[in-house]
Amino acid sequence: VRIGPHVVVSDGSAIGADVIIHANVVIGGDCAIGDGSILYANVSVRERCKIGQRVIVQPGAVIGSDGFGFILINGKHQKSPQVGIVLIEDDVEIGANVCIDRGTIRDTVIGSGTKLDNLVHVGHNVQIGRDCLICGQVGIAGSARIGDRVVLGGQCGVNDNIFVGDDVIAGGGTLILTNAPAGRVLLGYPALKMDTHIELQKALRRLPRLALRVASLEASLKEVNAKGGP
């Protein structure tokens, strides 16, 4: 194990073989870091979170911060306890400044082989399957479930409490508001099947010409009416 300067490893945590921990990393109590993992500078891993083998965590990532959970009591937002953990399986890569919230009750899970790009936010209780690609600035809201081999392009949004099936591909900027069946290719805001989205965009580009044609027809009709009809 190689440990850089100013690293904090709290009581009860277990560090596996061949782990590299760079400067200023903070690991909370009762965490586990699997064999061969690398934590780059300024990573924070909060208490009881589990990181598998050969996981790479890029600088500034935060694993296990409190989920965004509040209860309205007497007109004020009171914090809801976040007592779950984050479980990261083997061969995952987590980009710079990624934030993965701990679960409210059950665990937040990142499946083996999944890769998260920089600035991704994973909400509490989210479960991401195996071998997914989650591109930069994606936001996944609480309790969403993502299947295996899913690809989410940059700045995609996934609504809370929905399921995205295996092998779904969502283009950049897509907003997924409802369950997405396995194998579907999605585009748009909100998400539509790719073919439907493309046809709508084609129709949208024709609207200015269509408006001119309608205006011309209306003018012709007025002229005909003014002359007393055909």
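Me: Which residue in β26 does I146 stand opposite?
Reply: Keep in mind that this is a predicted model. Strands β23 and β26 pair in the parallel sense, over two bridges. Across that pairing, the residue in β26 that faces I146 is V164.

Me: What is the strand order in the open sheet of eight strands?
Reply: The pairing in this sheet is parallel. Its edges are β3 (14–15) and β26 (163–164), each with a single partner strand, so one side of each has no neighbour in the sheet. Reading across, the order is β3-β6-β9-β14-β17-β20-β23-β26.

Me: Which residues have the most contacts inside the largest nonpolar core?
Reply: That core has 45 residues. The residues with the most contacts inside the core are I88, I140 and L152.

Me: How many disulfides does the whole structure have?
Reply: A disulfide needs two cysteine sulfurs within 2.5 Å. For C49, the nearest cysteine sulfur is that of C31, 5.5 Å away. For C99, the nearest is that of C49, at 13 Å. Searching the whole structure gives a count of zero.

Me: C49 and C99: buried, exposed or partly exposed?
Reply: Buried means under 20% relative accessible area, and exposed means over 50%. C49 has 0% relative accessibility, so C49 counts as buried. C99 has a relative accessible area of 29%, so C99 is partly exposed.

Me: Where does the cis peptide bond sit?
Reply: Most peptide bonds are trans. Here omega is about 5° for the cis one. Its proline, P190, lies in the loop between β29 (185–187) and β30. The bond joins Y189 and P190.

Me: What is the phi of N42?
Reply: Most residues other than glycine have a negative phi. N42 is in the loop between β7 (38–39) and β8 (44–45), and its relative accessible area of 43% makes N42 partly exposed. N42 is not a glycine, yet its phi is positive, about 65°.

Me: How about R54, what is its phi near?
Reply: R54 sits in the loop between β9 (50–51) and β10 (56–57). With a relative accessible area of 41%, R54 is partly exposed. R54 is a residue other than glycine with a positive phi, near 60°.

Me: Is S143 buried or exposed?
Reply: S143 lies in the loop between β22 (139–140) and β23 (145–146). Leaving aside neighbours within four places in sequence, S143 is in contact with R106, H124, N125, V126, N161 and I162. The cut-off for buried is under 20% relative accessible area. S143 has 15% relative accessibility, so S143 counts as buried.

How values were computed. Residues numbered from 1 in each chain as written. Predicted model: local features only at pLDDT ≥ 70, side-chain atom pairs only at ≥ 80, totals over all residues. Heavy atoms only, no water. Buried < 20%, exposed > 50% of the residue type's maximum accessible area, 1.4 Å probe, protein only. Core = buried A, V, L, I, M, F, W, Y, C linked by side-chain atoms within 4.5 Å. Helix = DSSP H or I, 4+ residues; strand = E, 2+ residues; numbered from the N terminus. Contact = heavy atoms within 4.5 Å. Pairing = 2+ DSSP bridges.
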